[in-house]
Amino acid sequence: MDPKLLLMMAVSVVAAVGGAAADYVRPLPRKALQFPWSPKHSSYPQQVHVSLAGAKHMRITWVTSDKHAPSIVEYGTSSGTYTSTAQGESTSYSYVLYSSGIIHHTVIGPLEDNTLYFYRCGGEGPEFQLKTPPAQFPITFAVAGDLGQTGWTKSTLDHIDQCKYDVHLLPGDLSYADYIQHKWDTFGELVQPLASARPWMVTQGNHEKENIPLLKDGFVAYNSRWKMPYEESGSNSNLYYSFDVAGVHTIMLGSYTDYVEYSDQYKWLKADLSKVDRARTPWIIVLFHVPWYNSNEAHQGEGDDMMASMEPLLYAAGVDIVFAGHVHAYERSRPVFKGKSDPCGAVHITIGDGGNREGLAYKYIEPQPEWSIFREASFGHGELNMVNSTHAFWSWHRNDDDEPVRSDQVWINSLFSSGCLAKKS
Ligand SMILES: [Fe+2]
């Protein structure tokens with residue numbers, strides 16, 4: 001083949017992955033999913049999801065309508081042979097005219113790393129499988145926020161299911177129930193195939209608030225249904241916590257709880273960062289809902305106060321990557337601090353493009369700020385492969401009709417390996 005033609009082909013391939021493709025025709029919005037009523041036996045386990053719960057432990061959460069269904073999980077490494085049993089606890093909540101089912105939370109372990117377990121909830125129902133994360137690099141995180149429950153959500157979940165990932169990270173806005181509580185139940189049903197098989201680690205967004213002045217506090221459904229390992233990480237609130245997995249210290253923060261200096265969350269964050277041992281966890285990643293670096297017109301400036309309070313803490317600690325949601329689009333920054341590119345700052349990624357019913361945020365501020373390197377209003381998901389203590393490969397996969405198309409990718413070097421931490425100390 002003519003070498004000139006080959007060169008042109010190579011250039012066009014690089015251009016396609018290096019920026020938003022100009023010829024991409026964005027598909028139309030998709031409708032909310034319908035969930036046909038399928039009555040189950042009252043103690044039948046439903047809405048099963050799992051999460052990390054301290055070293056070598058996982059929390060299994062499920063819902064039954066039977067108040068007396070036991071909160072036990074039987075598990076083992078062979079199908080149908082359960083060599084261990086764990087007893088958990090249960091809770092429930094009421095919300096105006098709605099009464100939730102019984103929500104069971106049972107911690108199992110100690111578990112072997114990188115191992116397939118078979119488990120059953122409440123002594124009956126189907127057998128589920130989960131894989132524990134590896135103890136060492138490499139580890140892959142799937143990342144998508146602002147999921148909701150539309151046809152696009154289903155498409156995003158199908159793509160995440162196709163990728164080989166160990167832990168799902170969700171930077172807020174899960175069900176879009178928005179006060180209609182049974183939508184939390186349908187969301188639990190929708191995500192069960194994925195969330196029962198790999199740990200789903202979530203933080204909350206504005207759609208989780210659901211507070212009614214003088215009647216209902218915020219985050220009632222979220223806190224009851226999506227219990228995260230806050231006690232295990234020394235936090236006094238389910239709205240912010242941290243966990244270690246395979247050399248990565250991950251911090252989940254709350255954009256809608258106090259973050260000013262000397263607030264409980266701020267003090268907890270400061271103490272948590274001070275305990276990080278970079279020899280054991282060379283990477284630090286942080287998730288919260290409202291982006292600090294956002295050049296979309298949507299939600300412009302909403303993260304400024306939290307950023308003013310907490311960005312210096314993250315910078316001083318050498319946080320590598322920050323994920324946010326809220327804006328229904330994708331954007332990746334250069335390493336940045338105080339509004340300017342800084343080789344020792346964090347890479348900020350907005351990934352609020354899981355597929356919710358509100359649609360995409362199309363309008364961007366022009367010109368594109370110097371710190372913003374890639375931005376596009378499409379639904380999709382991300383994959384973060386932490387290859388070793390120094391290198392991570394990030395890719396963003398746009399939902400192009402029903403195929404996941406890798407549209408942005410970058411190698412990220414850890415700040416630990418770049419000499420930045422020595423400069424900051
Ligand atoms: Fe949001």
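Q: How many helices and strands does the protein chain have?
A: This is a predicted model, where local features need pLDDT of at least 70, side-chain atom pairs count only at pLDDT 80 or more, and totals for chains, interfaces and linings use all residues. Residues are numbered from 1 along each chain as its sequence is written. Helices (H or I, at least four residues) and strands (E, at least two) are DSSP runs, numbered from the N terminus. The count is 7 helices and 24 strands.

Q: What radius of gyration does the protein chain have?
A: The radius is taken over C-alpha atoms, and the globule rule is 2.2 Å times the number of residues to the power 0.38. For 425 residues, a compact globule would come near 22 Å. The chain agrees with that, at 21 Å.

Q: What share of the 425 residues counts as buried?
A: A residue is buried if 20 or more other C-beta atoms, placed from the backbone, lie within 10 Å of its own. By that rule, the buried share of the protein chain is 46%.

Q: Which residue in E10 does Tyr119 stand opposite?
A: Strand E9 covers residues 116-121. 4 bridges join E9 to E10, and the two run antiparallel. Opposite Tyr119 stands Phe128.

Terms used
Buried ≥ 20, exposed ≤ 12 C-beta atoms within 10 Å, placed from the backbone. Pairing = 2+ DSSP bridges.
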